[in-house]
Amino acid sequence: MDESDMNTFMNQGGIFSLEAFYFALDKVNQMNLIPGVRFGSKVLNGAKLNESAVETFEPFAKLSKNGLKNGEPKLIGVIEGSTPLMKAHVKKLYDDYKIPLIFSASRKTLSETNFYVDDYYAKACPTVVTQMKPIYSILKKLNYKDVQMITHTKFFAEKFEADANKEGITVTNTHIIPFPPKNLDSLANTLIEKTTTKAIFMLHSPLLETSLFKSIQSKNTTKTFQWISAHMANYKIDYNGVESIANNLIATDFPYPEKLNENFMNYLESLRPGNNKRNEWFEKFWENAFGCNFKENTINGRECSTKNNISLTSDQAYNMPIVSVFNAVYAYAFGFLNAWEAKCERKSGICANLRSMSPQTLFKEYVLKVKFDGLNGDKFSFHDNEVDVSMPITQYQRYLGKYRFRPVGTWRSMALNNFKLSDCDDVQSTYCTPYCETGYRKVEDDVNPCCWNCVKCAKDEIIVDDITCLPCKVGSMPALNKAECVPIDLAFINTNLNEKYDKLSCQMSHLQHELKPNMY
């Protein structure tokens, strides 16, 4: 791996993806899924494979034909987490040999690939293409036959338009706005004056959305749009000041970035070059990460210390497929377990029926049908060779005097579920609960989303608006009207305690008298 590839490998999280692979492999073997069977690995240099594919791939291809004899390793599939990105001619080699492949590369690299799922190829990592799929269904549900798109790369625009056309939807205009978006007045004028398509899909950034809405608001236009936006579930967008422009925006909440797993982080922080010899690139990574050198008497910087340890923030993990790699390993392992239970009658070792099973049959009949709890406890399964992602769908709307996102459906198993938009007025019908007493907040009714139920705030909370209760700070308590917090009155508390103590003493004396009347 040359210096350029090494930097890509480090900066795009390849080193962490490889450690996630080893971490998952350790977990699988610790579970002892199949008595007498251990799962092993062979790691290929993705950069080298791109450069000299046939030579590098040949021994790997031979391994795919092994496994017919006892004690011989059996290839069950490949996990592709390449950084840099796998080239098309390498993918063709996998296809030619029909070697099962689960793609779990980072969101960034998957954004750039044109690979599609096929018989022996699946995706364990949600991609930008995953974000696009609910949009076509939403547009058709709302009877929109044309749409405009705002995004930041030509690839996204071309991919969206091609798939939209397959769904019978026409992309009338595409607006490519590079990062970071600047001076969106021109785009606002174009949308207002030069386009007639009402539906607009935004696959860009929170900054673009808020900036664009401000520009449109400044034009004092009466023209309205049906905004549809692909949001990241862990990033909330604040439309403060432009609520009326954003009104009725529909958003899909994409489950990214992946949550960092505490057990994996502890494993990662425990690694040192001395205890991690299985990762041949780890020592070089350590030198790059800490600006040091392991050679004695080096003139190229300070000597490395094992007192350093690796740390990884949520921002750094944004493009790193840690969870996806883990799930890919589990998919193969549990797929093989299911095949063993079906073919070997749960007998120790690999029986002849399983040993003779081709990797292709194993992949199609067992791996693609697995269901298990993933690294973060999320349910994992495939649907049409892709990870089955659940995405909440929300609508930004004024309700009970306040703008907020309200649930209107979900995307699951590549389909819309319970998708229904609501258009609720602030003044509700008479069949809704008309009024909530002091200290109660309004909670959306499960049956009728335009109505509400009254729910009492906790004892230490005050009501701040129709739908929100907040606790008082330490040293304060809710006032009688439950509308403000007031300092705790110690004299009042002491008086109350004394009164309660007197009552308790009286009750205890009465109880003693009832139990032992002769004592009195």
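## Phe282 and Phe285

Phe282 and Phe285 are both buried (under 20% relative accessible area; over 50% is exposed and anything in between is partly exposed, with a 1.4 Å probe and protein chains only). This is a predicted model, where local features need pLDDT of at least 70, side-chain atom pairs count only at pLDDT 80 or more, and totals for chains, interfaces and linings use all residues. Residues are numbered from 1 along each chain as its sequence is written, and side-chain values use heavy atoms, with hydrogens and water left out.

The two residues sit three apart in helix α13 (residues 282-290), so about one helical turn separates Phe282 from Phe285. Helices here are DSSP runs of H or I with at least four residues, strands are runs of E with at least two, and numbering goes from the N terminus.

## Aromatic pairs

A pair of aromatic rings is described by the distance of the centres and the angle of the planes. Rings of Phe, Tyr and Trp (its six-membered ring) pair up if their centres lie within 6.5 Å; planes under 30 degrees apart are stacked, over 60 edge-to-face, and the rest tilted. Searching the whole structure turns up 28 aromatic pairs.

Take Tyr239 and Phe405: this pair is tilted, at 6.0 Å centre to centre with 50° between the planes. Tyr239 is in the loop between β7 (226-232) and α11 (243-246), while Phe405 is in strand β15 (residues 402-412), so the pair ties together parts that are 166 residues apart in sequence. Tyr239 is buried, at 1% relative accessible area, whereas Phe405 is partly exposed at 28%.

## A cluster and a charge

One aromatic cluster is made up of Phe23, Phe264, Tyr267, Phe326, Tyr330, Phe334, Phe372, Phe380 and Phe382.

Elsewhere, Lys442 puts its charged end over the ring of Trp452, 4.2 Å from the ring's centre. For that label, NZ of Lys or CZ of Arg has to be within 6 Å of the ring centre and within 35 degrees of the ring normal.

Phe179 and Pro180 are joined by a cis peptide bond, with omega about -20°. Pro180 belongs to the loop between β5 (170-176) and α9 (185-194).

Asn220 isn't a glycine, yet its phi is positive, about 55°. You'll find Asn220 in the loop between α10 (206-218) and β7, exposed at 68% relative accessibility. Asp384, not a glycine either, has a positive phi of about 55°. Its loop runs between β12 (379-383) and β13 (386-387), and Asp384 is exposed, at 56%.
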